[in-house]
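Let's take a look at how the pieces of one chain sit against each other. Have the viewer open as you read.

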Amino acid sequence: MDTALLVEKSILILILFALSLGIAAYQTYFERKVAAWMQDRIGPNNAGPFGLLQPLADGGKLFFKEDFVPANADKFLFMIAPGIAMTVSLLTSVVIPWGPDIVAFGRTISLQVTDINIGILFIMGITSIGVYGIMIGGWASNNKYSLYSAIRASSQMISYELAMGLSVITVVLMGGSLSLREIVEAQHGFNWNIWYQPVGFIVFFVCSVAECNRAPFDMAECESELITGYHTEYGAMKMGFFLFAEYVNLFIASTVISCLYLGGYNFPGMDYFEGNLLSVISILVLFTKIVLVIFTFMWIRWTLPRFRYDQLMGLGWKKLIPIALINMVITAVVIAFTRGWFN
Amino acid sequence: MEDIRKYDNPIFKATRDTIEGEIATLNLGPTHPATHGIFQNVLKVDGEIILSSEQTVGYIHRAFEKLAERRPFNQITPITDRLNYCSSPINNIGWHLTVEKLIGAEMPKRVDYMRIIIMELARIADHLVCTSVIGVDAGALTGFTWVFQLREKIYELYEEISGSRLTTNIGRIGGFERDFTPGFHKKLQDFIKTFPKAFEEYDSLLARNRIFMDRTIGAGPISAERALEYSFTGPNLRAAGIDYDVRVMEPYCSYDDFEFDIPVGKDGDTYDRFMVRQEEIRQSFKLIKQAYENLPEGKYHADVPTFYLPPKAEVYNNMEALIYHFKIVMGEAPIPAGEVYNCVEGGNGELGYYLISDGGRTPYRLQFRRPCFIYYQAYPEMITGQSISDAVLAMSSMNVIAGELDA
Amino acid sequence: MSRSKITNEELLNHLQTAFGEDIQEHNETYGMLNVYVPADKAKEVVKWLKEHEAVKMSFLTNIAAVHYPFNKGKEIEVVYQLHSLVNNVRLRVKTTLPIENPEIASIVDIYAGANWMERETYDFFGVIFKGHPNLKKILNMEDQEYFPMRKEFPLEDQTREDKDNRFFGR
Amino acid sequence: MESLSNRKKEVSNKEMTFLESIYLPAVFSGMSKTLKHAFRKPVTIRYPDEQREFAPVYRGMHVLKRDEQGRENCTACGLCAVACPAEAITMTAAERKKGEEHLYREEKYASSYEINMLRCIFCGLCEEACPKEAVFLTDRIVPTNFERDTFVYGKDKLVEDVDNRVDITKRQNTGKRGNK
């Protein structure tokens, strides 16, 4: 195996790891700021300039809290649940193409940890494992509210993954590949999927809100009913892990939305640039899109009331899945016609 | 720890039964984010569906009725503050009206109008908190913070006239302790100018949003007949479709000088209660506007020197005034013996004071008819067969306030 | 001032024709009619008032009890305040009970809302409502053995000096 | 049941129009409103740094006033203690001795005057009861502490400083037409 490749990938992995955690930490800050703006407040402002050191302070606080296991909890599962949640959410970022190739040190470096040809399936698969973190955590706490949360979270994840998968199929049809890199490449310039698949985009977006367990689909948490649900009994860094996992998930979901529908690192007028300059701009463009999508997630959270559990399931099964199915069929037929498969 | 895991330990047995059986016991309260205040509901649930519920109240019982038997009449006002603390001016003024009915004092029009302004402000504050908390329990926090800006303005108005914000102790037997201050006039004019726009913005955030409508329609309904059986009053009764309002049925404080409607709902569910309260806020605002525009000139207190403290300047110079001053403060004012029931339309409904005076320094018996206490007992009936999420919303839309519940 | 569609005299006439001698006494305080009935008739009167098609006294405002320690044999007075929403008239039905045996029939089967009102009355005065489905203390502790609103339990003496000011004030 | 007041107004409309039933218009209109708020000036006050202006009649920590010559006004009549619904005020009266005329205005004075701030409910009845213009509530706030007994405020904390007077003229005059 090529040593340079190993070094290159290791560095990329490290960067991604740090980046995910850093972005997750700063999302907590951003979320609080967004909430504050919408509620005519100031938000965190005392730790550092504009309160920018707030996430560090929070993290530090979480580290030094008493680590506490309830008496009747299943200790082993109680311990590993946050770990599962965290690991799984960090795994997803490996298949995401962060930008076009960079040429450095005489090598062409791909800004993707691995370009497996079933990238999308990988993401869907890994995120569905993510529910185990919540489920095990909720069950092991031996708290009825946590148990409710676990039940709600698992059924919600399963049902929304269906609609999500169906809407992804349309994107796959258009890109003609399951590899994220190829899907992104197919949206060159301003040729983004969202223009062709607005319905699919909305379905996918709604499903990712649900998959991330965020309002208005935060059935697993809903503090007014289940007292923050599966992490009621958690404290210290174990709870921190859950929170981090949630925000990493949010980051990854935004990235996937950007890649699948918003053109990934593509932007109009990208043909005027080339080489490393193009790569740098592309990365910046991708991150701008991610930030905007994250903002939208938060914007929605601080605007809408949440669904009731049965209404949520109804929406998933009776509305989103049929819409996604019809959308898929229409897309397939149109693509078949335009590409002349019937001739 | 070993002990608790033994099967015959009742705690553990309850847990085991819950896990292994079909029906679980779920403890909603005493401290749960949805019980705004301290009271407990022990629910029996099958999955998410509530089969039955048992309530425990009395966590903050402060023996107000007993306490009132030891306090002179003017010292009971601060006690009433703490009944429904979301709208304490209504409680205060309701108590003053009761004593005034007992002593037969006639109020000048200006006092009536001032009282209406203060009471309707309090009603707005009370309803705003209630409706926005429905939003909070449904997961929409932003409206709540917007509404609190409006409530803050109302609290500043209280502060301008009484000096306090939450437990106002506003007004005195026989009128007000002071006239509307210049600061009050300024802030009230500003309030009248800015309130409708801000309120409608908040209203449009929730009222016609499908998610909110789906959540609230059908949650915790009660029919008009059952509501009457349970002696419901106020917005909760009106949500069931009965337009009973003390302000119209037995007008006090010159309420019959004003034009306002009584909003009613249809099925008595959470959405009806929300909409009725929202409309009542608009009607209250209309009342404030009318009362403020027609505020008559005159004195800010009635001419009852034996019950209303004389101005300080006279106390220093006038013997008679000094004697009255001492008598009133010592609680030796000549209160007649008698039996009075007086009620006002509080934030939650008919707030009644059943007062028996034996002519002594203190009431012989004072009972508060606390609307919360009376309608909260219907809660199990309202939520049976509904899901936990509905129960939470039904509770916040009933506006159960622990201070009023437990007295 | 009065907006009632039925006057207190008419109300009293209705009651007297229906119950005759059972209306032991009546008076009017501040525009509200009080009628005194024997304890064993109270429930019947309340039920009759609710069902009578002209009176329509179908709203229970509250139930209160008062303790008069010097009225021998009728120390506890139970007061039902009723309200006819349609006729907009109020009425107090009063009945007296001896303190040794304060028993009266529960009206929970007539008014569901009487449930907690009766529990509260029991809690404070010890009035036993026969036929009540769940007559337990409501606001006070369940194991409290006395009934605190009775006059023999005064609030503590305000002149006592053995208390620590840090915790109790005077 | 028929209308009791003839002012009935039915307000709750549970029928959804098609636009309302597809979620999105309400979602977008709600989001536009929250976004508008995002660009508004925050209304909160950064508390310890900035302080809100109190109303002139605010009921905060008490002060025991001195007169123009620096003598204590209080004559220990006990009216405030009687008027206090929370029973928070205690005092001991003492007779003024010769040579103390510059300290106390009347022949009787309070040798000790204590307000238990944990009991006090700041209702303002003591201020109203005082016939000597001695006790007033002010717009100062009782500071927090960890020890219960530090909340029993004696004369050392309540009586105003001779050189550093507490201004209460505003609360005396606001809204009181009958007053001087």
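Predicted model: local features only at pLDDT ≥ 70, side-chain atom pairs only at ≥ 80, totals over all residues.

Chain B splits into domain 1 (4–56) and domain 2 (64–406). Their C-alpha centres are 35 Å apart, and the contact between them draws on 18 residues from domain 1 of chain B and 21 residues from domain 2 of chain B.

How much area do domain 1 and domain 2 of chain B bury between them? The figure is about 1,500 Å², with 65% of it on carbon and sulfur atoms. On the domain 1 side, His36(B), Phe39(B) and Ile50(B) lose the most area to domain 2 of chain B, and together they make up 37% of what that side buries.

Now for the helices. H6(B) and H18(B) pack with their axes 8 Å apart, at an angle of about 165°. That angle is over 145°, so H6(B) runs roughly antiparallel to H18(B). As for handedness, the crossing of H6(B) and H18(B) is right-handed.

Here is who touches whom, helix by helix:

| Helix | Span | Residues in the contact |
|---|---|---|
| H6(B) | residues 109–137 | Cys130(B), Val133(B), Ile134(B), Asp137(B) |
| H18(B) | residues 388–398 | Val392(B), Leu393(B), Ser396(B), Ser397(B) |

Sorted by class, the contact of H6(B) with H18(B) comes out as five nonpolar, two polar and one charged residues.

Methods. Residues numbered from 1 in each chain as written. Chains lettered and ligands numbered in written order. Heavy atoms only, no water. Axes fitted to C-alpha atoms, helices over the stretch in contact; angles between N-to-C directions. Helix = DSSP H or I, 4+ residues; strand = E, 2+ residues; numbered from the N terminus. Parallel < 35°, antiparallel > 145°, perpendicular 65-115°, else oblique. Left-handed = near helix turned anticlockwise from the far one by under 90°. Contact = heavy atoms within 4.5 Å. Nonpolar A, V, L, I, M, F, W, Y, C, P; charged D, E, K, R; others polar. Domains from an automatic or database assignment. Buried area = accessible area lost by both parts, 1.4 Å probe.
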